[in-house]
Amino acid sequence: MDRSEAAELIERARQEWQAGEWLRAAGLYERVLAHYPDERPSAVWWYDAALAHKFLRNWARAYELGREAAARAPRGEGDPAFWNLGIAATIQRDWATARDAWAGFGIELPEGSGRIDSRFGPACVRLDTGGEREVVWIDRLCPTRGRVMNVPVTAGRRFGEIVVHDGEPKGRRVVEGREYPVFDELLLFETSDLPTFTVMVNAGGAADVEALVELFLAEDYGAEPASGFELLCACCSEGTLERRRTTHGGAQQMSLAAPEEEARRLLEQWVAGTHTGRTWSGLTLVG
């Protein structure tokens with residue numbers, strides 16, 4: 001392939017990219033890179049080809065091309081080639097490459113090797129399953145993985161599952177003056193074996209509901225009132241939204257994530273813990 005033909009293919013690749021034709025764009029870049037892997041602009045071509053496969057959710061190819069892109073990117077300067085490689089390597093469970101990619105981006109990781117299970121703080125993830133979209137809170141385990149800390153209402157999703165999320169925030173949530181990013185989910189990394197139940201409870205006040213939530217959380221289970229769920233349009237969901245505590249007493253439905261026997265035990269423990277008339281009924285498996 002001569003340089004004039006390569007230039008023509010690169011121009012076509014850019015046009016396909018602008019049209020959102022990721023597979024065609026990646027294929028054209030790869031044709032050129034097979035002949036010119038180390039030209040001055042080749043780092044950009046490797047990056048765009050890898051990114052196209054990320055958009056296509058072809059993680060094996062995004063990983064392969066991403067390694068080439070990162071090998072030609074400056075380390076420690078926040079170059080996105082390292083971030084995208086970190087995501088792809090995590091999904092491929094290549095922990096050594098993922099660790100090196102995060103370091104290359106400029107993120108300081110706890111010492112160690114293998115799987116990254118640290119504390120990167122809370123954030124939100126927009127789950128996307130079959131077109132249903134729900135924003136949940138996660139406890140970030142690494143720059144791209146997080147454990148779901150809500151009891152999702154989306155069918156098939158569960159408290160405690162591990163998700164991989166993108167790196168660019170698509171929205172913000174503000175709680176008590178602190179701002180948290182909302183990331184889009186890329187895939188479900190690990191499922192959870194905790195079933196989801198609904199139950200009707202009667203609680204004297206907000207403190208009684210919060211006591212039930214704390215009982216479940218102390219056992220590494222989930223519990224939350226239906227009042228914590230709010231329907232939003234896409235525009236509002238991807239904007240900056242201030243959230244306020246909405247816990248209240250009285251009769252209400254709650255979602256629980258725990259084995260059935262454990263859910264019943266904790267509900268009975270909650271009822272026995274006070275004389276304010278706490279009751280529950282109608283424990284129902286929903287997912």
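How many salt bridges does the structure hold? The count is 23. Keep in mind that this is a predicted model. Here are my notes, point by point.

1. Start with the four strands that form an open sheet, in the order 8-10-7-11. Their pairing is antiparallel. Strand 8 (222–225) and strand 11 (279–285) sit at the edges, and each of them pairs on one side only. On average, neighbouring strands here are turned by 25° against each other, if you ignore direction. As a reminder, strands of a sheet pair through backbone hydrogen bonds, either parallel or antiparallel.

2. **Strands 7 and 10.** Now look at strand 7 (residues 196–203) and strand 10 (residues 250–257). They run antiparallel and are joined by eight bridges.

3. Helix 7 (residues 206–218) lies across strands 7, 8 and 10, and runs at about 160° to strand 8. Helix 9 (residues 260–272) lies across strands 7, 10 and 11, running at about 170° to strand 11.

4. **A helix pair.** Elsewhere, helix 4 (residues 59–71) and helix 5 (residues 80–91) have axes that come within 8 Å and cross at roughly 145°. The crossing is left-handed. Residues that meet there include W59, Y63 and R67 from helix 4, and F82, L85 and I91 from helix 5. Sorted by class, this contact has twelve nonpolar residues, one polar and one charged.

5. **R157 and its partners.** Back to the salt bridges. R157 pairs with E161, with the closest N and O atoms 2.7 Å apart. R157 also meets E185 in a salt bridge, at 2.6 Å from N to O.

6. **R119 and D139.** This salt bridge has its closest N and O atoms 3.2 Å apart. R119 is in the loop between helix 6 (95–105) and strand 1 (122–129), and D139 is in strand 2 (residues 132–140), 20 residues away. R119 counts as exposed because its relative accessibility is 66%, whereas D139 is buried at 17%.

Conventions. Residues are numbered from 1 along each chain as its sequence is written. This is a predicted model: local features need pLDDT of at least 70, side-chain atom pairs count only at pLDDT 80 or more; totals for chains, interfaces and linings use all residues. Side-chain values use heavy atoms; hydrogens and water are left out. Two strands pair if DSSP finds at least two bridges between them. Helices (H or I, at least four residues) and strands (E, at least two) are DSSP runs, numbered from the N terminus. Axes are lines fitted to C-alpha atoms, for helices over the stretch in contact, and angles run from 0 to 180 degrees between N-to-C directions. Contact means heavy atoms within 4.5 Å. A crossing is left-handed if the near helix is turned anticlockwise from the far one by less than a right angle, and right-handed if clockwise. Ala, Val, Leu, Ile, Met, Phe, Trp, Tyr, Cys and Pro count as nonpolar, Asp, Glu, Lys and Arg as charged, and the others, Gly among them, as polar. A salt bridge is a side-chain nitrogen of Lys or Arg within 4 Å of a carboxyl oxygen of Asp or Glu. Buried means under 20% relative accessible area, exposed over 50%, partly exposed in between (1.4 Å probe, protein chains only).
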